[in-house]
Structure formats: C-alpha cells, structure tokens
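Trainee: Could you take me on a close look at one part of this structure, the sheet and what surrounds it? I would be glad to have the cut-offs spelled out as you go.

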Amino acid sequence: MADGAGFQQGSPAIGAAGSAPAAPGAGGTGSTEGPGAAGGSARIAVKKAQLRSSPRPKKLEKLGVYSSCKAEGACKCNGWKSQNPPPTPPRTDQQSSTVNLQEPCRSCSHTLGDHVTHLENVSEEEMNRLLGIVMDVEYLYTCVHKEEDADTKQVYFSLFKLLRKSILLMGKPMLEAQESPPFERPSIEQGVNNFVQYKFSHLPSKEHQTIMELAKMFLNQINYWQLETPSQRRQRVPNDDAAGYKANYTRWLCYCNVPQFCDSLPRYETTQIFGRTLLRSVFTVMRKQLLEQARQEKDKLPPEKRTLILTHFPKFLSMLEEEVYSHNSPIWSQDFLAGASGGQIPVHTVISAPPVTRPLYYSTSPVSVDLSTGGSVSPARKPASALEPNPVLFSTVGVKRKASEPLIHEENKRPKVMGDIPTELINEVMATITDSAAVPETTLLSAHSARDEAARLEERRGVIEFHVIGNSLNQKPNKRILMWLVGLQNVFSHQLPRMPKEYITRLVFDPKHKTLSLIKDGRVIGGICFRMFPSQGFTEIVFCAVTSNEQVKGYGTHLMNHLKEYHIKHEILNFLTYADEYAIGYFKKQGFSKDIKVPKTKYVGYIKDYEGATLMGCELNPSIPYTEFSVIIKKQKEIIKKLIERKQAQIRKVYPGLSCFKEGVRQIPIESIPGIRDTGWKPLGKGKELKDPDQLYSTLKTILQHVKSHQNAWPFMEPVKKTEAPGYYQVIRFPMDLKTMSERLKSRYYTTRKLFMADMQRIFTNCREYNPPESEYYKCANLLEKFFYTKIKEAGLIEK
C-alpha cells in the first residue's frame, strides 16, 4: 500500500497536505488528506487577513497588477508591472516602500493610477473580496507550475483563468459547466441514509445509534478522500470508464477540493453532489485502505472506539459494498422511502456527514510529519509519510447542518459578556448529568412535559414516521405515495369541512405542492401541505391537519418541527399561512405571529388569499434543531438547576442577625446586610429621587393612572376576593392591588419612589406566585410589569 494511504490527522485542505497517489504501477490510490492541510489553509487565511488589513494604497497596488490599463488611447496592457520588482524570495528585513500611484508601468509606461481608476469609489468590502480572489489566483499559479499531472494541471489553469477574469471584470467567479451540482441523484449521503433505513431500521435504539455513528464516519471519510488522477486510474484499472471518471475527477477538483482553501469559489461536499458512480470508483480501494490503516493503528485508538472500528466498521462496509455494486439495490432508487418501522423525516436528514471544516478532535500525542516529496508535485497534492488516526473517524459526530464558522476557535471569537458562566464549569456540570439515570424523567402526564414529547418517543420507537411526498408528472407513479396522497386528501377534507374537496384534491396532487405526511401503522393520520417559493424566500402552508381521533398527542407540534427542519436544510427561513379562527391558537404555539417579517412585495401575488382568515408568519432560526429543541431546553434547565445547587452549597453560610435595630437604628441600606450580595442580589438602577413631595406625588399619580388604564390591568384593579380565589390569602401573605395603591398615594404614604415601586412589584410577584405560567393572569402580570417599568424610566425615576 502506498505511504500516503489511510487515516490522517487534520482537516483536509488542498495545497498543504493530502496524500498523492503512489507512483503508477505501485498499486496505490487516493487517500484521506494529510496533517498539513489545516495548516496550509490557515496560512492562506492569515495571508489574506494581512493583505486586507493593509493601507488602501497597498491594496490598490496589489489589485493594479491584475487590472487592465484604463489610460486613453486603448492601451492593451492587462496588468501594472513595477519598475523595481521585489526580490524573489522577498527579504524579510526589507522595509515596505511607500506606494506611488504615479509610478509608471514597466510594460505600457502608464501610471499605476491609470490601472486602478475603476477602483476609486469601490467600498472596502468589495476591495477585500477582490484581494481574496487575488490570493487565490497566486496560489493556483503555484499549483499550475508545480503540478506534473496533465489533467490536474489543466483544471488548475482553467480555474486560474476564471479567477483572473473575475478580477478584471470585478465579478463573482462562476464555474461554466454543462451541469451544475448535484451531478447524480440520489447522492452518496442519501444512498447511505437509505442503506441504514433499509438494513437496520428494525434494530433497537442503542444498536441503531451505533449504525448511524458508523455511517457518519464513512460519509466523513469520503469528504476527506483524495481522488487519484485519471492517468493513475487508467494504469490501475485499464478497462474502466475513463471518460466518466475524468469528468467526475474534474468536477471534484472544481467544486470540492480546490474551494477548500480558495474560498472565492463555491464549495460543496463530495457526499452531497456525487452519487453511486463516484462511490463505485473509489469504494473497493477506500475500504481496503481504511481497514488496513485501522489495524495498523489499533493501539492508538481510544479504548471506547476500538470495538466500533475494528469489529463493527468492517461488517458495516461489507454490507454496504453489496448494495453499492448490486444492480438491483433499492437504496439507489429516487422513490426509496423508509420502511414501516424506524422511519424518520425525511430519510436524507437522518445522517449527514459533518462539514469537513468542522472535525472534532480527541487529544493524542503529536507525530512528526515529513512533507518532503520525491518529485515535483503541486502544493495541492503534497504527500504525507507519517500517519496518525483520523480524528473524525474516531469521534462521534452528530452535526446535521453546515455551519458558517469552523468549530475550532469558535469559543474565542464569541464576545465575552459580564456574568458569563465559564466553559470549564459548564463542562464539569454536563459530566454529572450525561448519565440518563441522573436526569429525572419527565412523565408524559407531567405539567412540565413538552407538547411534542409523546410524539417524539413514538417516532423513536418506530410507531410513527414522517415523509415529504408529492405528485410528479415526470416520473413513474409510486403506488404507495399515491395511496398516501389519497389518504392526505381524505384527512384534509374531514378536518377542514369548509374547504371545497375539489380544491383540496387539486392542491394535494399539484406537482408544485408537497406534503409532509404523518404515517402511523401504514396509514396517513395527518400532514402539512405546502408550496415552496425559493426565489421569494418563503413557503406557504396551505393545509395543516391531524385526524380527530389522533389529536392532543403532540403530533401537530412534531409535524411543524419536522417541517421547520426540512426548510432549514433547503435554506428557506420564512413560513406564511392564512389561519382561520380555530387555527390561530395552534400557529401561535408554533411560533407564528401576525407580525409578518417577509416584505409585502415578496408574497403579494404568490400566495392564495382567503376571506375571513388571518395572515400569519414564522421566521426560522437555522441554529435551532427544532425536533430536539424541547430536549435541549430540558437539559439546559437541568444544568441551571445543578449550577444553582453548586452556588447554594458555596454560599450556605449562616450570618448573625442584625442587632442594629435594638440600638435604635430605624433604617439601613440593603447592601449593608451581611451575605446579601452572596445571594446574587444587585442594587436597583440609580435614578433621581424627587425631593419635592408635591412633584413626587404628581409624578407617581400620573404613572399610576397610566398603569390602571392599561389593557392588562383588569385583574389587579381591586383586592382579590376570597370567594373567587379560595386559599389565596393562605398562599399570599402580603397582598397588594391598584385600588390599595391609589388610597396609599392619596394619603401621601409614598414618601419615596422605592416605596411606590415595591408595592407595584409586589402585585406582579404575588400574581406569578399564585397563578400557573400558562394562565391569563400570569401573562397580564408580565405585560403590565414591562409597561410599568417603561413609564418609570420615562419619568426619570430609574436609569434607562
């Protein structure tokens, strides 16, 4: 096996590591990218940052080299050339010279300023973008001159010319090709998801989770894999489809490999834009090298991963190999849907290979790496001769979506806020509650259980499943999908009796509409019909219903959460719907409101208008995993509870009582009470204390009148009657209401603003103590409290 094969440390990046295939005839093939990759990509990023932080004249000088001359007389010079070019390599001790825009070009004799006149009014942001392309051009220039393989050199040169042209035209680089990604459906990622559902959906939850972990490892390895060049493949497999492989190799270089560090080019992941054809061309050799490397490095594997890698992974790959090369495997059918048990929505979201820019590392001893090459190879494909286990393969990774930022250094980039809990403490607390036995189970009948908890548990057990389906005029009809569409039409017709059946049928079977269907025991029990408008940035929800005998089980909430996840994956972050008076409550619980975030010009003329219905909208947050949101909140509550317990243990100290009052002192500052600050108490914001009693009376009277006139003040106007709230005065020892406050104000009881604010605060505190959070009284207290403090700030009694 070639030296460069197998697993290696570091995230992949063209140009710094990666393993070059072995010499022709040596039996070597592609491999995962090597340890210097992340460093090479980081070095390029550092250079870009340094260039972008340069003074504007320096930037103009750099861009002038790649800008055609704009002087009168139709000068044909395509880039300014200095009369005194810097030495090669440049001297580190040389002081940077001052840029002179009047310096003539060595080629056309026109000044530097004549080459950059078109950049005079360009913003810094646009100039920095162009400088990023400049750095990518220079790197590709190096690749072209160092690469020996003719096919690879040709691709590098084409990308070099494309980026060079983008700088001249000040445009965005767009790859011109007959086909655009994805190049084959289903994708490798979809096929592996289908394989997991097809072969392992019957397994218990724990075993199924192990299979999913293996699948993630495999997908991530493909994203790291360095393809062999077409010429090397022709020598190794003479009878293979050389033209087909060369086309895929070119696409892989352009869309996956080079953009890993040339970030001015659009980047895709291998598993998401290639399908079975590319997988077949690499699977056999890739499987052999992965397993061989795992055996060689078994002593370096973490103990908890050893069984997974050495025992389960080979069996997983053998079973997958059968489906990859089988002509009749159902997992590569575009009509493939999960079986009756263990289905999830949709199958392509069950597993997603983590972005290759976000590997999760485990600590390991450093290994020296020799990057010396035996010949002239481009920086994009330098070989690595020292190997180390790939951290991504041996880590449990569960990232579903792409992240805009790498995970590394993410904590350092986040601005620190006063009062932030140290990460070390959070990790320490997390370690105490990772054991499921340590987390108290919330029963489904508990007042604190999430609405979708029962549905989520049923989905986990395989009782229910979710599928996004729709009618198609281009493909052969699938009998099961058609039966589900008929079932959805029946559910919508029964649950929405005021909607004409013909209208429901037309939309459910319309190819432009899709439906997220809820399947239980093989039959449809609910769904959400929707139409996506990607160009407008929103989706219209047309019908939403669950059959009557399956309601109040959390299915509606879980349906909507799955729909949100589906749209986030498709990069549509706004929902619009017209809700009748019976549906407004449901949509409010799902995060919809009457405050529409989508500009009116975006949706007018696109969505269907309904009489007597209310237009509602929902804006999605791509950072939220909606289907697991309630679980995350539950865990966060547990963390907060543990932190509170720790804090209480630290401050559990008994202080002696206050003796100053026995000595005749009538009043002391709150902050002087021993231990008060240890509890987390902080003094109220400072405000001006009105010393004139009449002025204070007038100000407080105005505020009180505003509060009493507020629409949410009605529960607090008079003292609570015992007949209306039995046991109220056993719970609330110090009652307060707005009528009592009016009487106290009239009697000039409020000699300071603090007395007035304390009584008002007592009203809100009492209400929240007696009433449950979901009650109308509780909500009124929150809204009125917010209004009260707004008025207090407006009056200048506390700081804004």
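This is a predicted model: local features need pLDDT of at least 70, side-chain atom pairs count only at pLDDT 80 or more; totals for chains, interfaces and linings use all residues.

Mentor: Happy to. Residues are numbered from 1 along each chain as its sequence is written, and side-chain values use heavy atoms, with hydrogens and water left out.

Back to the strands, which are DSSP runs of E with at least two residues, just as helices are runs of H or I with at least four, both numbered from the N terminus. β3 and β4 (residues 514–520) run antiparallel and are joined by six bridges; two strands pair if DSSP finds at least two bridges between them. In general, strands of a sheet pair through backbone hydrogen bonds, either parallel or antiparallel.

Now widen the view. The order β3-β4-β5-β6-β7-β8 describes an open sheet of six strands with mixed pairing. Its edges are β3 (464–469) and β8 (614–619), each with a single partner strand, so one side of each has no neighbour in the sheet. On average, neighbouring strands here are turned by 25° against each other, direction ignored; axes are lines fitted to C-alpha atoms, for helices over the stretch in contact, and angles run from 0 to 180 degrees between N-to-C directions.

Cys618 counts as buried, at 5% relative accessibility; buried means under 20% relative accessible area, exposed over 50% and partly exposed in between, with a 1.4 Å probe and protein chains only. The structure holds zero disulfides, a disulfide being a pair of cysteine sulfur atoms within 2.5 Å. Cys767 illustrates this: its sulfur is 7.7 Å from the closest cysteine sulfur, in Cys780, which is too far for a bond. Cys767 is also buried, with a relative accessible area of 5%.

For comparison, look at Gln648 in helix α21 (residues 629–651). Gln648 is partly exposed, with a relative accessible area of 38%. Between Gln648 and Asp678 there are 30 residues in sequence and 9.4 Å in space, C-alpha to C-alpha.

Finally, some aromatic side chains. The structure holds 28 aromatic pairs; rings of Phe, Tyr and Trp (its six-membered ring) pair if their centres lie within 6.5 Å, with planes under 30 degrees apart counted as stacked, over 60 as edge-to-face and the rest as tilted. The rings of Tyr255 and Tyr268 are edge-to-face because their planes are at 65°, with centres 5.8 Å apart. One aromatic cluster is formed by Tyr749, Tyr750, Phe756, Phe764, Phe788 and Tyr789. Over the ring of Tyr749 sits the charged end of Arg744, 4.5 Å from the ring centre; this calls for NZ of Lys or CZ of Arg within 6 Å of the ring centre and within 35 degrees of the ring normal.
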